[in-house]
Amino acid sequence: MRCFIILKNKFFYTIFLTQILIASQNIDDGDISFAKQNYLKAIEFYKISYKNKHPKARIKLIMSYIKLGDNFNKINEYDKSELWYKKAIKLNSKVASYKLSKLYINKGDRYAKIKKHQKAIKYYIKALNLGNKDSKKKISKSKKYLKHKKQLVNDTRKLVTNESPIWTKSIGRLIIPIKLEFTTKKRYKTKYKKCSASIINIDKFQNSKVLVTASHCLTSYNKEAGDIRFIVKNSKSEMVQRYATVYKDSHYSSRNLKTKSDYAILVLDKAISDFDVKGLKVSPNSFKDLKYNYKYSFGSLAGFSGDVGEDGLKLTYDPKCELNYFSTTYALSNCTGFKGASGGPVVLTVSDDNIKYKHYFVGVVSHFKNNKFQNIYFAPHHIFYDDLYKAINLYNY
């Protein structure tokens, strides 16, 4: 009986040693495949070692799963990447959990970028469930956007079309380079900020080079990242592009609203004819004096508001609202606008008979009260009219 027990123990010990040898051999074979970046083959070997309970097999499998997840992530095959990260998570990998949470955040960011915030929130929550707290702010931001959209039921803004008032044709998109992001030492991409801007002119000139926008649009402007571009549609609905330099900047500061306003005057590299794009006319009179001088008047506002017009892709305007003074540096409007409309014009339409109308540039859109889409502060034009008039006489013709 004793001999039988000894033989039995030897038998199981032999099996155990054989398993260890097989597991070790498969670990070695897996390592060779891993070094050659053949992770699928490495996984086959590591799985055998894992079944044979090799102590290193689990971590080897995790490393292979993560490598495959990373590779699919790099080529934007996110579903396959997610699959491999999940396999690593099943083996209790915290690294894989973090990587998958980042993948979910990136997915959410892509949906948020195209304004599909419901889907964005879905992925941000998945990231949060994996312990990534960075998604909390993103969830909050997307929820604010959705809440804001619900408030637009009675929004009075309209898309600018060929039938819109003539003054809306002077407004274009301002593209401001703010940062160079280097992907390698030699390759980089440029980050941009987008605002609105208007071509401004006076009656005696028929070619315009002068633009007005908001100063805060330029606060992050990086000359090394490129030139400011202005893009506007001409009378044939063709895109016209010009480069712009800064002539006068009020150097807007949110901490100094009482003494500094928010405007900037830019000059284009080439003039745009009034026959192609009608420049907005400006008067030396303030909007208050203009209102007093005419029997009928009302305010308007336009820009590339990021919450309407295909989320800022198309120019929109609020046709009618009230304009009132707020301080020596700002005026207040109850027109509707949103981020992206910054730098757009505030216009006063006046008439003596309510039949024939004149349109005057009277200010530039600055910021929004309580970050809402109404109660818009603007820099009234009369506080920088002298500089504007000087620029027009220097550069327009």
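**Exercise 1. Charges over rings**

Task: find which ring face R229 lies over, and at what distance from the ring centre.

Solution. A charge sits over a ring if NZ of Lys or CZ of Arg is within 6 Å of the ring centre and within 35 degrees of the ring normal. R229 lies over the face of Y192, 5.6 Å from the ring centre. Likewise, K320 lies over the face of F298, at 5.1 Å from the ring centre.

The model is predicted: local features need pLDDT of at least 70 and side-chain atom pairs count only at pLDDT 80 or more, while totals for chains, interfaces and linings use all residues. Residues are numbered from 1 along each chain as its sequence is written, and side-chain values use heavy atoms, with hydrogens and water left out.

**Exercise 2. Aromatic pairs**

Task: state how many aromatic pairs the structure holds, then classify the pair of W167 and Y317.

Solution. Rings of Phe, Tyr and Trp (its six-membered ring) pair if their centres lie within 6.5 Å; planes under 30 degrees apart count as stacked, over 60 as edge-to-face and the rest as tilted. The structure holds 12 aromatic pairs. The ring centres of W167 and Y317 are 6.0 Å apart and the planes stand at 90 degrees, so this pair is edge-to-face.

Helices (H or I, at least four residues) and strands (E, at least two) are DSSP runs, numbered from the N terminus. W167 is in the loop between β1 (158-159) and β2 (171-182), and Y317 is in strand β10 (residues 316-321); the pair links distant parts of the chain, 150 residues apart.

Last, check burial. Buried means under 20% relative accessible area, exposed over 50%, partly exposed in between (1.4 Å probe, protein chains only). W167 has a relative accessible area of 4% and is therefore buried. Y317 is buried too, at 8% relative accessibility.

**Exercise 3. A second pair**

Task: classify the aromatic pair of F287 and F378 and decide whether F378 is buried or exposed.

Solution. The centres of F287 and F378 are 5.8 Å apart with 55 degrees between the planes, and the pair is tilted. F287 belongs to helix α8 (residues 287-293) and F378 to strand β15 (residues 376-380), 91 residues apart, so the pair links distant parts of the chain. F287 is buried at a relative accessible area of 2%, and F378 counts as buried at 0%.

**Exercise 4. Positive phi**

Task: determine where K115 is found and where the place of N354 is.

Solution. Most residues other than glycine have a negative phi. K115 is not a glycine, yet has a positive phi of about 65 degrees. K115 is found in the loop between α5 (94-113) and α6 (117-129) and is partly exposed, with a relative accessible area of 31%.

N354, also not a glycine, has a positive phi of about 65 degrees. The loop between β13 (345-351) and β14 (358-368) holds N354, which is partly exposed at 39%.

**Exercise 5. Helix α2**

Task: compare the reach of helix α2 with its expected span, and list its buried residues.

Solution. The expected span of a helix is 1.5 Å times one less than its number of residues. Helix α2 (residues 39-51) has 13 residues and reaches 18 Å from its first C-alpha to its last, close to the expected 18 Å. Its buried residues are Y39, A42, I43, F45, Y46 and S49. After α2 comes K53, with a positive phi near 65 degrees.
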